[in-house]
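Subject: Structure for your review

Dear colleague,

Please find below the structure that I am handing over to you.

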Amino acid sequence: MDKKSGKISCLVTYSALGLYTVLSVYPLLWMIFNSFKNNEEIFSTNPFGIPTEFRFINYVKAWFEYDVVQYFSNSVFVTVATVFLTVCLAMMFAYAIARMDWKLSGAVKTYVSVGMFIPAQIILIPLVILVKDLHVNDTLLSVILPYVAFQTPFIITIFYGYLRQLPVEMEEAAAMDGASIYSIFLKIILPLVKPAIVSCALFTMLFSWNEFMIALVVIAKKELNTLPIGLVKFQGQFSTDWGAMAASLVISSIPTILLYLAFSQQIEKAVAAGSSIKG
């Protein structure tokens, strides 16, 4: 009886997991299928199935006719700059509050953590004014700086949890041997937190690559559009080539999917470390 109930339980579990996998993967497959179809096949003759004819011309159109190259380049530049600035600033700040004893360090940590709970929607108008006052409007800095500001509190929290788990004896031994605080940080701490650095870089990359609202508000020039903004503007006033748009979506999704598949284990480890924050 126990064996039979165990088999039934196992069957139910695997069936549920299989259904969840299909529901999770099918939207991606549907987007890929649509990238090889024309409008008629997408909307009437074959909306959900495999394309009857693989139209690679959709990818050619997306890449050369719809300025995907320009939007892709803008997104790459914004993402690389955001990741570099965010990880560098957050790592140094997290080290200062996690490994050093100084007045008001706890208050400063709390103050920075509050930034995670501020919705972007409520600061859009002040953000536009600030970007204009800094004279960075109509440049990619107008999106890079807000991205860094929004991601830094979250990345600091992950680094803080990771650093608090490291034993202090290594730093104490290095200090007794005459190592400066900069040597300890660069030669001891940084190598130990490489998994967290990779994970935080991926989190920041996913955010800045896919972010839409801030870029839509602060970018006015077409040649500065990032991929999410450019994809929306593919829709014509009277007609839209949905196959080419789906091809553009596939192109924009490839970097994030590949990076996530390559570093998924590091992401899980960093999230686990960041969730076990010690005071």
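Helices here are DSSP runs of type H or I with at least four residues, and strands are runs of type E with at least two. Please note that this is a predicted model.

Transmembrane annotation
An unreviewed UniProt entry annotates residues 12–33, 76–98, 110–131, 143–163, 184–207 and 242–263 as "transmembrane region". Two of these spans were examined further. Residues 184–207 are 96% helix and 0% strand, and the end C-alpha atoms of that span are 31 Å apart.

Helix α5
Helix α5 comprises residues 105–113, of which Ser-105, Val-112 and Ser-113 are buried. These buried residues line one face of the helix, because they fall within an arc of 100 degrees when α5 is seen down its axis. Among the elements that cover them are α4 (68–99) and α7 (141–164).

Helices α9 and α10
How do the axes of helix α9 (residues 181–192) and helix α10 (residues 194–210) cross, and at roughly what angle? They come within 4 Å of each other and cross at roughly 65 degrees, which means that α9 is roughly perpendicular to α10. At this contact, Leu-190, Pro-191 and Leu-192 of α9 meet Lys-194, Pro-195 and Ile-197 of α10. Sorted by class, the contact has five nonpolar residues, one charged residue and no polar ones.

Yours sincerely

Methods:
Residues numbered from 1 in each chain as written. Predicted model: local features only at pLDDT ≥ 70, side-chain atom pairs only at ≥ 80, totals over all residues. Heavy atoms only, no water. UniProt positions renumbered as here; feature names shortened; annotations may be inferred. Buried < 20%, exposed > 50% of the residue type's maximum accessible area, 1.4 Å probe, protein only. Arc of directions from axis to C-beta. Contact = heavy atoms within 4.5 Å. Axes fitted to C-alpha atoms, helices over the stretch in contact; angles between N-to-C directions. Parallel < 35°, antiparallel > 145°, perpendicular 65-115°, else oblique. Nonpolar A, V, L, I, M, F, W, Y, C, P; charged D, E, K, R; others polar.
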